Amino acid sequence: MLTLTCPCCGVAAEETELAPGGEAHLKRFGPGASDEDFEGYLFARKNPKGVHFERWRHAMGCGKWFLAARCTATLEVFGTYKAQSPEPPPEIIAAIKARRPDWKGYS
Amino acid sequence: MSEPISALAGKNAEGFARVSEAGLQGMITLRGNLASAALAAAVKAATGCALPGNRGIHTKAGKAAAWMSPDELLLLVPYGEAEATAAALEAALAGEHALAANVSDARALFRVSGAKADQVAMKLCPVDFARLPQGEIRRTRAAQVAAALWRSAPDEISLVCFRSVAGYVFDLLAISARTGSELAPA
């Protein structure tokens, strides 16, 4: 069971109240991009075992999108943060580094 | 003009708690910038309540203002006043980026009352009721559908859902409240 705290309303919502939105921080390639870039934007996902950044929507609650950092292997949640973040904020990075010293960092 | 009628016309069920459909209730959805002073003043004029903070619900003399999301409020007023109140809000917020809509006939309101009312909702919603104080509204799911609930009195929970699923939600609550199905018999 995954419990994420929605940064918009502050509710500690469990998985069934949320809707998953896939990998976070994707760079969009639209019209004018090369076929390789567009294909990568559409299909290439990191799918790591370990630290992962995801989009979630508090679908049954306040209805807002937010981002979460968690471990795909242990379901440990490192933190949640605003959907309007182009990259993970420093406090999230610090929380991950504290728990996973060998983590290679966000790239 | 047709006669307004609530989703289940005040249907009741008795068990270890009492479940009843609360009848006609005026509800207004208000979307806009909750930080705006004009919106706070309009809410005060419409309900007499101050703007609620995150997840808050303020009640005053049969009216209420509830926080639904960072840009949405639910205002509860008597059914007959809903249309006029929505119009007054629209007028007060002219020029603001805001929307007030009378959704009274699109929703259903239930009340679960009794000392063990919590247990009825506990079976259906992924909510920690021990940490749900009075004055807080919680949007969640009731089994498979979206709902919002709050403690409207010490031994009473009010639950709002869409009218289209009112029959489903009533059955859920009534079955959860069946005598003998208490969670911790004491």
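Colleague: How many residue pairs are in polar contact between chain B and chain A?
Modeller: This is a predicted model, in which local features need pLDDT of at least 70, side-chain atom pairs count only at pLDDT 80 or more, and totals for chains, interfaces and linings use all residues. Residues are numbered from 1 along each chain as written, chains are lettered from A in the order in which they are written, and side-chain values use heavy atoms, without hydrogens and water. A polar contact is a pair of N or O atoms within 3.5 Å, where within protein one must be able to donate a hydrogen and the other to accept it, and residues adjacent in sequence count only if both atoms are side-chain atoms. With both residues at pLDDT 80 or more, the count between chain B and chain A is seven residue pairs.

Colleague: Which strand gives the most to the side of chain B that touches chain A?
Modeller: Strands here are DSSP runs (E, at least two residues), numbered from the N terminus. S5, S9 (137-142) and S10 of chain B each supply at least two residues of that side. The most, four residues, comes from S9(B).

Colleague: Which residue of chain B meets Lys64(A) in a salt bridge?
Modeller: A salt bridge needs a side-chain nitrogen of Lys or Arg within 4 Å of a carboxyl oxygen of Asp or Glu, and the rule finds two across the interface of chain B and chain A. With 3.0 Å from N to O, the partner of Lys64(A) is Asp71(B).
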